[in-house]
Amino acid sequence: MSKKVVDATIPTIPMMARFQRWFGRNLIRVYMVLAFTYLFIPVAYTFAFSFNDSGKSNLIWKGFTLDNWKNPCGAPEVCTALANSIKIGLLATIFSTILGTMIAFAIGRHKFKGRSTSNLLIFLPMATPEIVLGASLLSLFLVFKINPGFWPTVVAHVMFCISFVVVTVKARIASLDPRLEQAAMDLYANEFQTFRRVTLPLVAPGIAGAALLAFSLSFDDFIITNFNSGTVSTFPKFVYTAAARGIPAQANVIGSGMFFLALAIVIAGQFVNRRKAR
Amino acid sequence: MSFDASSARGDLILTRITKEYGDFKAVDDLTLTIPKGSFFALLGPSGCGKTTTLRMIAGLEEPTVGSIHLGETDITTTKPYQRPINTVFQNYALFPHLTIFENIAFGLRRRGIKDVDAAVNKVLNLVELPHLAGRKPTQLSGGQQQRIALARAIVNRPALLLLDEPLGALDLKLRRQMQIELKWIQKEVGLTFVHVTHDQEEAMTMADTIAVMNEGQIEQMGSPAELYDNPETAFVANFLGQSNLIKGTISGNDGDSIIADLYGQKISLPKKRSHAVDNSIYAGIRPEKFRISLLNTPVSGNVLSGGHIEDVSYIGVSTQYQVAMPWGQELIVFEQNDDGVAPFNKGDAVNISWEPIFTFALRGDEDVTAGSEVNPEVLDEE
């Protein structure tokens with residue numbers, strides 16, 4: 001008997017079928033690339049045009065320059081507006097995080113009369129259209145003879161940030177095993193020590209997330225700020241006003257800067273978490 | 001009133017403790033003394049109130065009525081952190097954000113103990129995990145976490161160590177190993193251990209004294225052997241192992257024995273094992289105490305005749321028989337496979353015999369199924 005040659009007639013798969021198979025296997029990747037493109041084109045555009053040698057209006061690409069990055073305060077008022085936004089953002093973050101965390105603990109941990117009502121009411125500012133909130137806050141301030149400006153803006157921001165802080169921190173508290181606190185008490189930690197040594201460290205990531213969220217909400221806010229800030233300029237207000245006569249490239253620089261700062265914070269957070277887990 | 005009771009030592013005394021949640025009585029007028037230095041088990045099915053009792057001892061719940069004393073000190077209303085009592089929680093409750101070392105050091109640091117390092121290292125050696133000091137709890141296996149939870153509690157040298165279903169989350173093999181280790185550690189450190197479990201085998205293996213709980217009350221308390229050989233209620237007879245309970249009436253006395261009539265057949269049983277209140281009884285015999293014999297074989301002791309082998313199951317060390325009796329009841333018999341006697345076959349006409357001292361008697365108005373429907377392996381948490 002002669003040796004049988006191993007079947008050499010492996011059928012060639014037609015081109016079309018092969019493509020279909022590849023597509024089927026890589027569908028999720030294709031989708032991912034498309035989705036991220038959609039998400040990041042505006043960011044990439046903003047970043048690219050921060051290097052535009054634009055002159056007055058930053059609409060048409062006129063050439064590459066680093067001048068805008070070297071001198072981010074170059075456009076008139078842009079840094080005053082930025083400073084105001086950061087100040088308002090930090091104050092709003094501090095107050096809303098403290099108040100919101102306390103509310104979250106009250107709702108998440110204690111049974112009291114009106115608990116479920118408070119739980120519901122906390123969502124209300126999130127559900128109310130900002131334009132309505134902004135307008136009614138303004139009339140409220142005016143009724144009490146308080147002129148719009150820096151502090152009314154801070155108060156308004158604290159108000160709408162609290163809801164988001166409560167929701168974020170409450171979720172973290174809900175996932176906390178009450179037995180851990182009982183174990184701490186069992187191991188000679190009094191109420192305060194239990195809170196400081198066990199509860200707070202375990203809820204801290206939630207509080208930090210809530211603070212970041214509050215800051216970005218405050219920093220970003222235009223509608224409510226526009227009603228209540230009077231003559232005080234913030235970064236969103238500056239960009240909005242500037243849009244009429246051409247947004248300076250410095251706005252792109254600051255926008256890109258904020259984006260990379262946020263990215264850095266997220267990456268650092270991930271890094272710290274991973275180290276902690278090890 | 002709350003004050004620091006951390007130096008209290010002595011027996012733990014629960015006096016007429018009741019704990020109500022709304023209309024539900026989790027613990028009902030419970031009085032109990034746990035002697036210093038003992039390994040004490042609270043055994044019962046899910047919802048019997050054993051965990052609630054433990055939580056009241058720990059200070060995590062306050063009794064509705066009653067008092068808790070540790071030696072001379074009333075600790076009923078003291079805070080958990082003011083009691084010299086530590087708990088090994090079900091699922092361990094190790095602090096996930098702290099290292100193993102810091103977990104164990106937690107109690108020492110709160111009390112301001114000086115030489116934390118030495119104490120922690122010593123207890124890590126005791127549980128044989130010194131190499132894990134720098135790890136986080138999530139990086140440990142279940143068995144390792146269990147030992148760390150134990151180390152975290154005993155490092156404080158409490159007057160009382162509470163164990164809440166400490167082995168429930170481990171697999172069978174590891175559970176067996178930890179049972180032996182726990183017992184050894186208890187002897188080694190000489191602390192009072194109070195162990196809550198629904199696993200009768202676990203309680204019998206480890207505890208000096210077992211209190212069987214049912215519906216918020218203690219059914220019976222005693223050494224494992226006492227509870228097994230001389231149960232006072234149908235619940236205990238069924239919850240700890242299996243029992244054959246046969247209806248009968250007391251027909252007379254014979255010195256230290258009682259003569260009872262079981263469906264027309266006379267048997268005798270020791271007086272001190274009778275918990276009957278009138279003439280109506282259930283005679284109880286453990287399945288492994290029975291002997292089966294063919295009709296023509298001479299037998300001694302108590303004999304019930306007229307049985308037929310209904311079912312035979314071979315289970316290695318023993319063979320389990322179901323024997324149908326003339327009055328319609330099926331008795332369970334475990335025969336050791338050690339005597340070289342050929343096993344009986346289905347349909348054989350047999351007599352059942354046993355030594356009279358192995359008989360106990362329960363009240364005739366008992367619910368014979370009490371404690372037997374609950375499957376302790378399945379029901380886990382309260």
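View 1. B:Asp74 in β5(B) is the bridge partner of B:His69. The model shown here and in the other views is predicted. Strand β4 (residues 65–70) of chain B and strand β5 (residues 73–74) of chain B run antiparallel and are joined by two bridges. Two residues lie between β4(B) and β5(B) in this hairpin. B:Gly71, in the turn, has a positive phi of about 60°.

**View 2. Pairing of β1 with β4 in chain B.** Strand β1 (residues 12–21) of chain B runs antiparallel to strand β4 (residues 65–70) of chain B, with five bridges joining them. B:Ile68 in β4(B) is the residue opposite B:Leu14. Strands of a sheet pair through backbone hydrogen bonds, in either a parallel or an antiparallel manner.

View 3. B:Thr31 belongs to strand β2 (residues 24–34) of chain B. B:Thr31 counts as exposed because 12 other C-beta atoms lie within 10 Å, and a residue is exposed at 12 or fewer. Leaving aside residues up to four places away in sequence, B:Thr31 touches B:Leu14, B:Thr15 and B:Arg16. B:Met213 is 182 residues from B:Thr31 along the chain, and their C-alpha atoms are separated by 12 Å.

**View 4. The five-stranded open sheet of chain B.** The strand order is β13-β12-β11-β14-β20 (chain B), with antiparallel pairing. The edges are formed by β13 (265–270) and β20 (360–363) of chain B; each has a single partner strand, so one side of each is left without a neighbour in the sheet. With direction ignored, neighbouring strands of this sheet are turned by 45° against each other on average. Within the sheet, strand β11 (residues 244–254) of chain B and strand β12 (residues 257–262) of chain B pair antiparallel over five bridges. B:Ile258 in β12(B) stands opposite B:Asn253.

**View 5. Crossing of α3 and α11 in chain A.** The axes of helix α3 (residues 78–109) of chain A and helix α11 (residues 235–245) of chain A cross at roughly 145° and come within 7 Å. On α3(A) the contact is made by A:Val78, A:Ala81, A:Leu82 and A:Ser85, and on α11(A) by A:Phe235, A:Lys237 and A:Phe238. By class, the residues of this contact are five nonpolar, one polar and one charged.

**View 6. The contact of chain A with chain B.** In this view, 16 residues of chain A are in contact with 15 residues of chain B. On the chain A side, α8 (178–186) and α9 (191–220) each supply at least two residues. The most comes from α8(A), with six residues. The side of chain A that touches chain B has 10 nonpolar, three polar and three charged residues.

**View 7. Overview of the chains.** Chain B has eight helices and 20 strands, and its C-alpha trace spans about 75 × 45 × 35 Å along its principal axes. Of the 382 residues in chain B, 41% are buried. Among contacts in chain B between residues at least 6 apart in sequence, 68% join residues at least 24 apart. Chain A has an average pLDDT of 87, and 94% of the residues score at least 70. In chain A, helix α7 (residues 150–174) has the highest confidence, at a mean of 94, and helix α2 (residues 67–70) the lowest, at 84.

Conventions. Residues are numbered from 1 along each chain as its sequence is written. Chains are lettered from A and ligands numbered from 1 in the order in which they are written. This is a predicted model: local features need pLDDT of at least 70, side-chain atom pairs count only at pLDDT 80 or more; totals for chains, interfaces and linings use all residues. Helices (H or I, at least four residues) and strands (E, at least two) are DSSP runs, numbered from the N terminus. A residue is buried if 20 or more other C-beta atoms lie within 10 Å of its own, exposed if 12 or fewer, and partly exposed in between; C-beta atoms are placed from the backbone. Two residues are in contact if their C-beta atoms, placed from the backbone, lie within 7 Å. Ala, Val, Leu, Ile, Met, Phe, Trp, Tyr, Cys and Pro count as nonpolar, Asp, Glu, Lys and Arg as charged, and the others, Gly among them, as polar. pLDDT is the predictor's confidence in each residue, from 0 to 100. Axes are lines fitted to C-alpha atoms, for helices over the stretch in contact, and angles run from 0 to 180 degrees between N-to-C directions. Two strands pair if DSSP finds at least two bridges between them.
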